[in-house]
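This report concerns a single protein model and the arrangement of its sheet and charged side chains.

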Amino acid sequence: MKVAFATQDLKRVDAHFGWAKNIAIYEVRPEGHHLIEAIQFDGDLKEDGNEDKLAPKIDAIKDCTILYVAAIGGSGAARVVANNIHPMKVSQPEAIDDLCIKLEGVLKGSPPPWLRKVLAKGHKRSFDFED
């Protein structure tokens with residue numbers, strides 16, 4: 001599955017989705033992970049109420065299953081979920097490599113119900129937030 005990471009340094013999840021300079025996209029499988037691409041975003045990315053800056057980011061991650069962020073605004077989260085991507089917030093900066101290794105372990109073992117649904121249906125995803 002493809003997983004996106006909001007990052008400033010391409011090594012850690014350390015960025016607010018709207019403000020992220022980079023989105024790193026990895027392929028994560030039970031047997032390993034690798035970087036597919038790193039997409040850089042230019043311009044004024046700071047908080048400013050400009051929702052247009054989210055469109056290129058949403059487009060860049062449209063075929064990802066999960067998006068890891070340090071933070072994400074309400075409208076950004078709604079747009080991510082509307083595109084069938086599951087946002088995951090980290091409480092402090094965390095190494096992308098460590099997160100990928102954790103995901104590999106989850107995929108090898110018993111994934112949570114929402115992730116089993118995603119894996120069973122390919123890219124057709126729906127989220128039941130009561131799970």
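The model is predicted. Its open sheet consists of five strands in the order β4-β3-β1-β5-β6, and the pairing is mixed. At the edges lie β4 (32–40) and β6 (86–89), each of which pairs on one side only. On average, neighbouring strands of this sheet are turned by 25° against each other, direction ignored. Strand β1 (residues 2–7) and β3 run antiparallel and are joined by six bridges. Within this pairing, Lys-2 has Glu-27 in β3 as its bridge partner.

Across the whole structure, six salt bridges are found. The table lists some of them.

| Salt bridge | N to O distance |
|---|---|
| Asp-14 and Arg-12 | 3.3 Å |
| Glu-27 and Arg-29 | 3.5 Å |
| Lys-102 and Glu-94 | 2.6 Å |

Asp-9, Arg-12 and Asp-14 belong to one network, joined by salt bridges that share partners. Glu-27 counts as buried because its relative accessibility is 11%, under the 20% limit. Its salt-bridge partner Arg-29 is partly exposed, with a relative accessible area of 43%. Arg-12 likewise counts as partly exposed, at 35% relative accessibility.

Asp-14 is located in the loop between β2 (12–13) and β3 (22–29). Besides its salt bridge with Arg-12, a polar atom of the Asp-14 side chain lies 2.7 Å from the backbone nitrogen of Gln-8. Leaving aside neighbours within four places in sequence, the contacts of Asp-14 are Ala-6, Thr-7, Gln-8, Asp-9, Ala-70 and Pro-93.

Conventions. Residues are numbered from 1 along each chain as its sequence is written. This is a predicted model: local features need pLDDT of at least 70, side-chain atom pairs count only at pLDDT 80 or more; totals for chains, interfaces and linings use all residues. Side-chain values use heavy atoms; hydrogens and water are left out. Helices (H or I, at least four residues) and strands (E, at least two) are DSSP runs, numbered from the N terminus. A polar contact is a pair of N or O atoms within 3.5 Å; within protein, one must be able to donate a hydrogen and the other to accept it, and residues adjacent in sequence count only if both atoms are side-chain atoms. Contact means heavy atoms within 4.5 Å. Two strands pair if DSSP finds at least two bridges between them. Axes are lines fitted to C-alpha atoms, for helices over the stretch in contact, and angles run from 0 to 180 degrees between N-to-C directions. A salt bridge is a side-chain nitrogen of Lys or Arg within 4 Å of a carboxyl oxygen of Asp or Glu. Buried means under 20% relative accessible area, exposed over 50%, partly exposed in between (1.4 Å probe, protein chains only).
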